[in-house]
Amino acid sequence: MECVRKLTKDLYWVGADDRRLELFENIHPIPRGVSYNAYVLLDEKTVLFDTADWSVCRQFLENVEAVLAGRPLDYLIVNHVEPDHAASLQEVLIRHPETKVISNEKAFDLMRQFGFSVDDRAEVVAEGDTRKFGKHTIAFVAAPMVHWPEAMVSFDTTTGTLFSADAFGTFGALGGRIFADEVNFERDWLDDARRYYTNIVGKYGAHVMDLLKKASALEIKMICPLHGPVWRKNIPWFLDKYVHWASYEPEEKGVLLVYASMYGNTESAASVFAARLAEKGMSNIHMYDVSKTDTSYLISDAFKYSHIVLASVTYNLNIYPKMMTFLDHMRMLNVQNRYVGIIENGSWACTVGTLMHDYLEDEMKGMTILQDSVTINSSMTKGQNRSMDDMVDALLDSMKEEKK
């Protein structure tokens, strides 16, 4: 049975939800599932925008056929070739030998790599090209490295609809509510949107800013992403979030406190730091055990908050492995322009603070490391009270400096 939503008088959502998948890209937890979006335009010619992951192929194909209602499928526009969107491409073409495939040259190269037979029906487009399908004219805009090199977006100049590929997407199954204004997005979806962006696209901020610059020249009235809700209201608010994320500027003044503790002593010190910070008026504190919290959530908060505090035990004269994983992901995803405080612990050779300091300074961009740090030998004593208070004060002072 088909499950579709009508977006406008001639545009339909024909995607599907996947609640069974536990790890997106086999790495990022998605407890709320994910949607795979595709869209059909019924004009003088019929147009399908992208396909869907193999896991929802049957539902997706039923949806497409229901909307076509016996009409031929004239065109398939492929904005992004990643398998979660293109895996069902060949199934569509088997059922519709009349269909022409529109995409860019790099995309067709990738389709061939994935084994798709498209050469006899390929129509290559490039930046600035347009295609008229009746009342609707679609313009094609290159979006390289957002987040694959072949990515593009398609803009319906007639209605102001942007088919945005992986841009403006989010984790989470839709559950029938296709529009962002049908849910409390800020309360229930924004964290997943941020976690999606920062972990999937976050490395490519400069490329996203290029796309945002192009988007600013368009009169966008609706955004149809390949994951998550469709936007038809409050679009500037969501675009502003993307500007923050893509420029690596924090959304909020707040503290992400990540600790690595083997027997609870480093955790105790981190708790003392958080309590003293709150006592002095900074209560926007978010504290996580690096060994229990998936890195994708830590990365999301690293993009969100202005300050990061790393509290780690020394492990084999090195950085605790789970903390090292977090640091390495921050580097890979280009986290920058943050203030960072360090709490180190070690029973006989406390090296982790220096190693984290050097890693932040040598491997990452724009990280301001607080000069005041805290060193603990096995467990915190009254002897560390002064250094703990000094680091709290230094962090709060740095927040005041940001205001100037």
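View 1. With a relative accessible area of 0%, Ser 103 is buried, because buried means a relative accessible area under 20%. Leaving aside neighbours within four places in sequence, the residues in contact with Ser 103 are Val 78, Phe 108, Met 111, Glu 123, Val 124, Val 125 and Met 152.

**View 2. The span of residues 255–396, annotated as a domain in UniProt.** The annotation "domain: Flavodoxin-like", which comes from an unreviewed UniProt entry, covers residues 255–396. In the predicted model, the C-alpha atoms at the ends of this span lie 10 Å apart, and the span is 43% helix and 25% strand.

**View 3. Helix H10, a mostly covered helix.** Helix H10 comprises residues 295–304, and nine of its 10 residues are buried. The buried residues in H10 are Thr 295, Ser 296, Leu 298, Ile 299, Ser 300, Asp 301, Ala 302, Phe 303 and Lys 304.

**View 4. A nonpolar surface patch that includes Tyr 315.** Met 262, Tyr 263 and Tyr 315 form this nonpolar patch on the surface, and together they have about 360 Å² of accessible area. Tyr 315 is found in strand S19, which covers residues 305–315. Its relative accessible area is 34%, so Tyr 315 counts as partly exposed, a class that lies between buried, under 20%, and exposed, over 50%.

Notes
Residues numbered from 1 in each chain as written. Predicted model: local features only at pLDDT ≥ 70, side-chain atom pairs only at ≥ 80, totals over all residues. Heavy atoms only, no water. Patch = residues over 30% accessible without salt bridge, like charges linked within 9 Å, V, L, I, M, F, W, Y side chains within 5 Å. Areas by Shrake-Rupley, 256 points an atom, 1.4 Å probe, with all protein chains shown as cover. Salt bridge = Lys/Arg side-chain N within 4 Å of Asp/Glu carboxyl O. Helix = DSSP H or I, 4+ residues; strand = E, 2+ residues; numbered from the N terminus. Buried < 20%, exposed > 50% of the residue type's maximum accessible area, 1.4 Å probe, protein only. UniProt positions renumbered as here; feature names shortened; annotations may be inferred. Contact = heavy atoms within 4.5 Å.
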